[in-house]
Amino acid sequence: MGGSRRAAATAWRHRWREWAPLVALAVAVLLGGAFWLAGHRRIADAYWAATTLVTLLVTLRWLVESLRRRRIGVDVIATLALVSALLVGEYLAGAVVALMLGTGHTLEAYAQRRATRDLHALLARAPRKARRRTPDGAVQAVDVDQVRKDDRLLVGPGEVVPVDGVAEDPATLDESVVTGESRPVDHSAGDGLASGTVNVGAAFGLRAAGTAAQSTYAGIVRMAQQASAQKAPTVRLADRYAAVFVPFTLALAGLAWGLAGQFVRAVAVLVVATPCPLLLATPIAVVSGLSRAARRGVLVRDGGSLELLGHADTLLVDKTGTLTTGRPEAAEVVTAPGGDRDELLRLAAAVEQLSPHVLAAAIVRAARERGLKLVVPRDVTEEPGRGVSGRVDGRLVQVGQHGGDLPDWAARERRRAERAGLSVVWVCLDGALAGAMLLRDPVRPDARHTVQRLRRAGFTRLIMLTGDRREVAEQVGQLVGADDVAARCSPEEKVARVRAESGQAVTVMVGDGVNDAPALASAGVGVALGATGATAAADVADAVLAVDRLDRLADAVEIARRSRTIAVQSAAAGMGMAVLAMGAAALGFLPPVAGAFLQEGIDVAVILNALRALGGGLRTRPPPADA
């Protein structure tokens, strides 16, 4: 209770500091108005002049900071408007300009806070404690940083899963903070669980798959910390427009003064031009887009990446784990003439128990589904890229690739597997080829719907990259609707293809493995599937899908396009209205005070319009895989 009260008090103080300057400015302007209505015009002018002078000191500080960064922005116009209002005695106009500047900065701060609150919520929910089981059966609370791989943990009702791991018991989790899905998800013993999810069922055991720093949630938090209002290309474009707008404003003000011989017209032009709505609209829309994408389970590193995502044309996708499930399953066991399939599977699975390879997991899973009893192997060795070997019941069992000539039966099985798009894992017993495991990596049931949705989101070209054989790659590519397929790709060849496509269009590359990291870094926007934890791919990516579902990328693209459209729309509308008002002021139809009130309304409208990027615009998602 005390902690929540302190948090509420801190939040109240932050909000008060945010709104206090605007409240003080409004009170000063209103007090001046009250004295003016009471007939005390000198006192009223003194209030308004003091308000203008104090604000002028603030804008001078802004101007100095801009000059130090070698950037000329609307701080120049704001400063000149306040100075000129004091010089001609338009104290009320100066005070309204001050109120306008205060309103703009307060609303911008509010918009930034609202747009980033989802990112802050991610940080606030980061797991900090874990319950670790000791060898004697006790449970001890430890800092999450003390958890190590293979530690046995206990996750109680309502607790956050502290690290990625494997469930030792059935579990029901609220995964909304990671995936964006609001419905609880049921898991069986043996399922992989992501950190950051919340236990909404009974307590369950968890075997840690790694440390907290390697977990899914830690990767999301790192991305969230970087996902702030960094200058996107749109914002840099805003600076370039401001560089044009400032001399235009000064020239128009000088022309109005010169032609009419009235300095007050120049003051009116400067007042109406303060501040430039372009510089308010774009950061707010960008940060709103970052926040909304985070709610959909897509962590975008910065505004620049969101901007590029919003007008990307070409999508390159790694096949395994992206368009396919990435969880191979045994399709068939074949043996040499006279062999025993169950015995071959039992021996192969026994050796594969200690291998971390995904194909090994599929073989072990197939043996257990058949009820085969697996013994502990001896003298197990594994050669990366070649396979694993060990002794089971006194026999030497080798599982993996086969480098020698194949007998006729094995050659026939290999050709059949290639036609069917299956992977072949050979099994040798005591040095003789005894059989093979035929494995398939199923295409995701929703893959074709997802590709169609990505096209609707704006991608005009989709290319599938894979290290698989061309026959397998073309089958998958045709099934999902890819425009082109690149098979037998090494990491270097993936990079070359990404660079070639990037020379023709803005590209997005999606992958999930360590071998995809160079290609992700080479693309305009690299997107990593990060639900299995922080990997090399996630470390170099510009965006991470917190759930391994490619349709969330379509969500992010639609959000990015909407944010960019709203930013440009808000800026263009605000600038257009401001230029019209400046023209009216130059011709003498808009005095400084009226111009100040008009520009105040324009700025508020621009900021509120930019906040629309926080919602709307998403199309209906395809049906779930199990539909």
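**Sheet packing, aromatic pairing and cysteines**

Helix H10 (residues 303-310) lies across S10, strand S20 (507-511) and strand S21 (525-529), with contact meaning heavy atoms within 4.5 Å, and runs at about 100° to S21. The model is predicted, and local features need pLDDT of at least 70, side-chain atom pairs count only at pLDDT 80 or more, and totals for chains, interfaces and linings use all residues. Residues are numbered from 1 along each chain as its sequence is written, and side-chain values use heavy atoms, with hydrogens and water left out.

The open sheet comprises 7 strands in the order S10-S22-S21-S20-S11-S18-S19, with mixed pairing, where two strands pair if DSSP finds at least two bridges between them. Strand S10 (298-300) and strand S19 (484-486) stand at the edges with a single partner strand each, so one side of each is left without a neighbour in the sheet. S10 pairs with strand S22 (residues 543-545) in the antiparallel sense over 3 bridges, and Val 300 stands opposite Ala 543 in S22. Helix H15 (residues 470-480) also packs on the sheet, where it touches strand S18 (461-465) and S19.

A search of the whole structure finds 2 aromatic pairs (ring centres within 6.5 Å). One of them, formed by Phe 35 and Tyr 47, is stacked (planes under 30 degrees apart), at 5.5 Å centre to centre and 15° between the planes. This pair links Phe 35 in helix H1 (residues 2-37) with Tyr 47 in helix H2 (residues 41-68), 12 residues apart.

The search for disulfides (cysteine sulfur atoms within 2.5 Å) finds 0 in the whole structure.

Notes: Rings of Phe, Tyr and Trp (its six-membered ring) pair if their centres lie within 6.5 Å; planes under 30 degrees apart count as stacked, over 60 as edge-to-face and the rest as tilted. Helices (H or I, at least four residues) and strands (E, at least two) are DSSP runs, numbered from the N terminus. Axes are lines fitted to C-alpha atoms, for helices over the stretch in contact, and angles run from 0 to 180 degrees between N-to-C directions.
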